[in-house]
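Hello,

Here is the structure I promised to pass on. My notes follow below it.

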Amino acid sequence: MRTTMRRARVLAAGATAAALTLTACGSGAVGGDGGTTITYWLWDANQQPGYQQCADDFEAANPDIDVRIEQRGWDFYWTGLALGLVSESAPDVFTDHLSYYPEYVTRDLLLPLDEFVERDDLPMDIYEEGLADLWVGQDGNRYGLPKDWDAVGVFYDRDMTEEAGITEDQLANMTWNPEDGGTYEDIIARLTVDTNGVRGDEPGFDKNNVDTYGIWMQLGTSWNHGQTQWSMYAAANGWQATDQNPWGTEFNFDDPAFQESIAWYKSLIDKGYMPSLAAQEGVQAPDQFAAGNTAMITDGSWMTGTYFGLEGKNPGIAPTPVGPTGERASMFNGLADSIFAGTDHPEESWEWVKYLASPDCQRVIGDQHVVFPAITEAWEIAQERYAEDGIDVSAFTDHVTDETTFLFPIAENPGAIGALMVPAFERVISGQSPVESFSDVNEDINDLFREPAE
């Protein structure tokens, strides 16, 4: 009975969360010249120029197909897409994310690409290892072609680290453990400064009146498995989110390796080295970096241009710290382009998706160097372009070459999982619940994958 009631409560929570993500969007059409117009959605404005170049090149080679690119901010993107998918007015092609696509697959909202791939003899081995496999559903069908990958690093203020006496070598070789935080916490403490100019590792430090935090917390309102916040610590402590990935059915939020990692993460707030949950809500992490309110931020590779584009700042990128496993860790997330199952133009949409995943387009994206494309030769172009700008991105690329990445957890019921974990995490981080409370939430989540008791 307890399992049945819990499952009903969890499913209801997921349904409520999904219902809150509805608004309007558009669809493909016939162009005014008699050709076909395909609508393509992005959420990152920084990437639009590169993809517009790809669209121009594609249209030149396919004069009967026009591509209309629409860019929407992250939140508006997903709320608009939710309504479009259920009302059959979604874009023909859209940038897809691993945290959303399992739900789309189970609702038959995505067009399987297998027949197209087989017909056109499209190679899948040109992408970084594992990226293509992420987009194969439990039914064995493919629902997206890889477009890029990302990793996590530590953006830091060079002026602040130099003033604190922290060397580049120290930043490049940070270690971490959940007991005392290792040299990583030592650096975080050293970079924290109170309103009297006292550092976090000095006598008299006032944790209640901090002027500059050693590191910033950027928890959002949606569940991302701690991609840029805490996942790298838990993974470097030997934790795995699910029993298998992709398509796990048993989550491990009850694992001591996870809970002690989060306990350490929260301890940074208690010590005054990281802002409280309330203090960081509603503000953007790069803005806090620009204002000098924090010396370091863990963030994704896609944010490189943002941090290095801040006026008057001198940023650097350090790798994530080496954990108790003896290795660093970074979540390996890869986006893909998917086709709406209800498109009126499946053939034209496929041609566009195929081009987006091709070396020709991905080399253009690499040259733009906003993100790392999925094809090796293309992301190496991006790395070279960053280097020409004086930016060393090896903190990200070394994760790929050293094979220290772990995959974004893919499972069914993502909405219901998020509806449970977001408030649970907020309660723990704000001190309302102990980390042990994740064990009960973990049971609620695992109940989602079990048959209800009769």
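Cysteine 54 and cysteine 361 are joined by a disulfide, S to S 2.3 Å (a pair of cysteine sulfur atoms within 2.5 Å). Please keep in mind that this is a predicted model, where local features need pLDDT of at least 70, side-chain atom pairs count only at pLDDT 80 or more, and totals for chains, interfaces and linings use all residues. Residues are numbered from 1 along each chain as its sequence is written, and side-chain values use heavy atoms, with hydrogens and water left out.

A search of the whole structure gives 1 disulfide. Cysteine 54 sits in helix α2 (residues 48–61) and cysteine 361 in helix α15 (residues 359–368), so the bond ties together parts 307 residues apart in sequence. Helices (H or I, at least four residues) and strands (E, at least two) are DSSP runs, numbered from the N terminus. The link is right-handed, with 100° about the S-S bond.

Are the two cysteines buried or exposed? Both cysteine 54 and cysteine 361 are buried, that is, under 20% relative accessible area with a 1.4 Å probe and protein chains only. In α15 the buried residues are Cys361, Gln362, Val364, Ile365 and Gly366. They pack against α2, β5 (145–146), α14 (346–356), β14 (372–373) and α16 (376–388), where contact means heavy atoms within 4.5 Å. After α15 comes histidine 369, with a positive phi near 45°.

Best wishes

Note on methods. Buried < 20%, exposed > 50% of the residue type's maximum accessible area, 1.4 Å probe, protein only.
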